Amino acid sequence: MRLIKPKKKSAAENVLPLINVVFLLLIFFMLAGALEKAELLDITPPETANSGQPDDTTAVLLVAADGRLSFEDEILERADVVGHLKTYFAEHPDGRLKLKADAQSDAAMVIALIEELRAVGLKELGLLATGAS
């Protein structure tokens with residue numbers, strides 16, 4: 001009776017499943033890592049002592065330090081903002097708007113923008129700021 005000797009497994013055969021799992025985990029974390037959408041404009045809001053968290057279900061109007069405006073992932077001209085917001089709130093009548101202005105933006109321009117939004121009929125407007133540390 002002849003017995004067949006079992007073949008010895010090479011070290012590479014033991015490592016391949018481990019490498020496959022590591023690459024799958026790497027791909028998973030790369031895809032799942034971008035959970036928060038980046039804002040179109042780089043904005044540093046002013047600080048506040050209030051620790052309330054913003055509601056994520058509202059629309060956000062961004063005002064950059066140089067006066068550029070962004071709404072719904074689109075950079076808008078100053079004259080076009082009111083028209084875009086009228087269209088948005090015609091489709092979302094119970095929607096709310098948050099205004100996120102840079103700390104270095106012109107306060108007079110932000111106040112004038114708020115007055116224009118109030119004249120259009122915006123019912124609720126929130127100002128976003130960062131908490132003081």
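**Exercise 1.** How many helices and strands does the secondary structure of the protein chain come to?

*Solution.* The model is predicted: local features need pLDDT of at least 70, side-chain atom pairs count only at pLDDT 80 or more, and totals for chains, interfaces and linings use all residues. Residues are numbered from 1 along each chain as its sequence is written, and side-chain values use heavy atoms, with hydrogens and water left out. Helices (H or I, at least four residues) and strands (E, at least two) are DSSP runs, numbered from the N terminus. The protein chain has three helices and seven strands. Along the sequence, their pattern is α-β-β-β-β-α-β-α-β-β.

**Exercise 2.** State what percentage of the residues in the protein chain is buried.

*Solution.* A residue is buried at under 20% relative accessible area (1.4 Å probe, protein chains only). Of the 133 residues in the protein chain, 25% are buried.

**Exercise 3.** Describe how helices H2 and H3 are placed.

*Solution.* Step one: the axes, which are lines fitted to C-alpha atoms over the stretch in contact, belong to H2 (residues 81–91) and H3 (residues 107–120). These axes come within 11 Å and cross at roughly 40°.

Step two: H2 and H3 are therefore oblique to each other, since angles under 35 degrees count as roughly parallel, over 145 as roughly antiparallel, 65 to 115 as roughly perpendicular and the rest as oblique.

Step three: with contact meaning heavy atoms within 4.5 Å, Val81, Val82, Leu85 and Lys86 of H2 meet Leu113, Glu116, Leu117 and Val120 of H3.

Definitions and conventions: Buried means under 20% relative accessible area, exposed over 50%, partly exposed in between (1.4 Å probe, protein chains only). Axes are lines fitted to C-alpha atoms, for helices over the stretch in contact, and angles run from 0 to 180 degrees between N-to-C directions.
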